[in-house]
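I opened this entry to record what I looked up on the contact between two chains, and then on the fold of one of them.

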Amino acid sequence: MSGTIAWLLDETPTSRMQARLGRLYRLTLAILANPLAVVGAVIVLTLVLTAAFAPLIATHDPIAQSLSERLKPPSAAHWMGTDELGRDIWSRVVYGSRITLTIVLLVAAIAAPLGMVIGAVAAYAGGWIDRALMGLTDIFLSMPKLILALAFVAALGPGIENAIIAIAITSWPGYARIARAEALVVRRSEFVAAVELQGASAWRVIVSNILPLCVSSMIIRVTLDMAGIILTAAGLGFIGLGAQPPVPEWGAMISRGRSFILDQWWVATMPGFAIVIVSLGFCLLGDGLRDALDPRRKEG
Amino acid sequence: MSVEASIAPVPGVSRRQGTAGRRIVRLAQNLGAVGISVFLTVLGLMAITFFIGRVIPIDPVAAAVGDRAPKDVYEATRLAMGLDRPLYEQFYRYCVAVFRGDFGMSLSTGNRVVDDIVRVFPATFEMASIGIVVGVLLGVPMGVWAAARQGSWIDQVIRVLGLMGYAVPAFWLGLVGLAVFYARLRWVGGPGRLDIAYDGMVDPVTGILLIDALLAGEPAIARNALWHLALPCAVLGFFSLAYIARMTRSLMLDQLGQEFIVTARVKGVPEWKVIWKHAFRPIRIPLITVIGLSYAGLLEGSVMIETIFSWPGLGNYITTALLNADMNAVLAGTLVIGAVFIVINKASDVLYRILDPRAR
């Protein structure tokens, strides 16, 4: 055991894998030392496990209606009560974690690489390409995200795929900014000059030498942005532009419960707790990652 | 990010103090540059709304008149919209129309969109403005307090509150607020701007009900309006408070770590004076940017809040139009909120430059 730890913490790793594992180990230690980050990590892990094993965790079928059981308060049979069609809210919240996870992962998978490439190309090319790309980025950055996403979905048509596209369109500029700032530093370093002297193309330098160095700050930013993505997706679902019935999306569930909020409070309240907890988890984890990976900026 | 970048301390640049005249010239140049940048950004915003309205829909005519319009209406609209012309000319005509204030007709209300927006905007303005006042009055002292007691339980509570601002959906908080404070406790008024009994009893002069009611000499109606404003403004105020407290805390911590603070403490300056006179003074200017961003954010946040509280403002107008596929109204609303957002951001930037002696 102690041998493994010494191998992980070795100051002069002999292989790439040893260096990577060592860094991962140090990161884990740093996260574990920060109680709030641990809470965040546990929440995010729980979300992933819930989504993966939803059929085992749910007590009922999330879309099976039972009109005799409609609008029942929380009880032993229905932990979070039932909605206006007699569906079990707990099971719907559990299955809803799959939707939420899909949305945040797809948005991150579209927006982060797009932003990274735009930022890195701008920094590496410089000149008018840089000015044009960053001008576009600034225009998108100075616009309200939710409204823009709303307008995009309104034109594309309601639905979960279009909601994902709209949120991705509004969230890439932040990543482009970060990637450009990082790439500006890297492109002047000597190893980039060395690769260029060996005749590597601009594209190759960007993809295999600049982008990998932007990844860690990108992961921090994506984790911090997850809460915002979840809230925007839920907002679109709430207005009726996101996931369509009977899909158990949390925002849409709150919207259904709106008519019953005064008497049957649980219908709208329960999915909201899920959103709050999951968003908070991503915020805490993101803060912890930032403190661990980027010691220059420590704030609350 | 931009806030943090713009408030980074400027390293001790010793610049020769210009004469007053030169300062005014430089200020005018700055304002000119900001004006151009606002113009370009708004133009970009218009390019986006144009793109959303004319390029994305497969059939923009059907999107404008509905798919059950008779053939001749359809054809007339197609020509009126200039869809037979090249795209760049369409965009030029769109820009000219928008600068004239012509956003077309609204399908859902049957009025000119610009008239609708002028009518509903004051309701949003009233709500967001009271919200930001709540946020500043509570958020700034809370941030200062948390920084002064860094690591204490009060600091932890304020930090968690700050994070909640990023994690709680505004529409959900509004609903829970209605269930608790309106339905159960009866502490605040329900949805809408007034009780039904008072509806339409005050002539809209400014459109801001509190002022209109007082102008009309109806304190009872003003009180009722305040009663209805309480909950939506509290919800908006919470989000602005969370952001402002978080930023104030981090700005204060930067200041409290500086050497002149240590010097002041060593000299025996009382602690309240160290906090408010030495540490707080320098952060007043960056705080303006923070407050500006937060205010712009509230205008956007009001879209969700207005839906919950049936508040007849711009946000409600947009969501109603969305559900009726009334794209003229949706895009005009998007454009107005976006433009106000851009102007507030740039204005706080300009104020920052005017007030900060290092950036002059």
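I began with the contact, which takes 41 residues from chain B and 38 residues from chain A, two residues being in contact if their C-beta atoms, placed from the backbone, lie within 7 Å. This is a predicted model, in which local features need pLDDT of at least 70 and side-chain atom pairs count only at pLDDT 80 or more, while totals for chains, interfaces and linings use all residues. Residues are numbered from 1 along each chain as its sequence is written, and chains are lettered from A and ligands numbered from 1 in the order in which they are written.

The most comes from α14(B), with nine residues. By class, I noted 27 nonpolar, 10 polar and four charged residues on that side of chain B, where Ala, Val, Leu, Ile, Met, Phe, Trp, Tyr, Cys and Pro count as nonpolar, Asp, Glu, Lys and Arg as charged, and the others, Gly among them, as polar.

Turning to the fold, I found 14 helices and zero strands in chain B, whose C-alpha atoms fill a box of roughly 85 × 55 × 40 Å along the principal axes. Among contacts in chain B between residues at least 6 apart in sequence, 73% join residues at least 24 apart.

Last, I noted that α5(B) is followed by B:Gly101, whose phi is positive, near 85°.

Definitions and conventions:
Helix = DSSP H or I, 4+ residues; strand = E, 2+ residues; numbered from the N terminus.
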